[in-house]
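Me: I'd like to learn how to read the contacts in a protein model. Could we go through one together?

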Amino acid sequence: QVQLVESGGGLVQAGGSLRLSCAASGSTFSINAIGWYRQAPGKQRELVAFISFGTNTNYADSVKGRFTISRDNAKNTVYLQMNSLKPEDTAVYYCNARSVFGPYWGQGTQVTVSS
């Protein structure tokens, strides 16, 4: 089992920044990659960014150049630095871990960007 706890969401004005954290615990040895998804009201959940436990990263086109995903292996924590936020970035952001036992999800953290 893998447990994921997100933090760092909140309310910010357009153009501002937030940093989300995803702390993993449990069978962290089984994790191949961790990423962030988001879901806005009335929309499907979508991939935002992903980082493997090599050096590969992947970003949605809508966030390239504004968001950066990184990890601290010693803390089993993945970060999502979000800059130049836009109202359309408003959503619940979920941490997702891809493990040999299957996918795991965090509880989500709300990000609201006001115009």
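Me: Is lysine 64 buried, partly exposed or exposed?

Reply: Lysine 64 counts as partly exposed, because its relative accessibility is 49%. The cut-offs are these: buried is under 20% relative accessible area, exposed is over 50%, and partly exposed is in between, with a 1.4 Å probe and protein chains only. Before we go on, a word on the model: it is predicted, so local features need pLDDT of at least 70, side-chain atom pairs count only at pLDDT 80 or more, and totals for chains, interfaces and linings use all residues. Residues are numbered from 1 along each chain as its sequence is written, and side-chain values use heavy atoms, with hydrogens and water left out.

Me: Which residue does lysine 64 form a salt bridge with?

Reply: Here's the general idea: side chains of opposite charge can pair when their charged atoms come close. The rule asks for a side-chain nitrogen of Lys or Arg within 4 Å of a carboxyl oxygen of Asp or Glu. Lysine 64 pairs with aspartate 61, with 3.1 Å between the closest N and O atoms. Aspartate 61 is exposed, at a relative accessible area of 64%.

Me: How many salt bridges does the structure hold, and which residues are linked in a network?

Reply: There are 4 salt bridges, and the network links Arg38, Glu46, Arg66 and Asp89. Take arginine 38: its side chain meets that of glutamate 46 at 2.7 Å, N to O. Arginine 38 also forms a salt bridge with aspartate 89, where the closest N and O atoms are 2.9 Å apart. Strands here are DSSP runs (E, at least two residues), numbered from the N terminus.

Me: Now the cysteines. Which ones does a disulfide join?

Reply: A disulfide is called when two cysteine sulfur atoms lie within 2.5 Å. That rule gives a count of 1 here: cysteine 22 to cysteine 95, S to S 2.0 Å. This pair links distant parts of the chain, from strand S3 (residues 18–26) to strand S9 (residues 91–99), 73 residues apart.

Me: Which arginine lies over the face of phenylalanine 50?

Reply: A charge sits over a ring if NZ of Lys or CZ of Arg is within 6 Å of the ring centre and within 35 degrees of the ring normal. Over phenylalanine 50 lies arginine 98, at 3.6 Å from the ring centre. Arginine 45 lies over the face of tyrosine 94, at 3.8 Å.

Terms used
Helix = DSSP H or I, 4+ residues; strand = E, 2+ residues; numbered from the N terminus.
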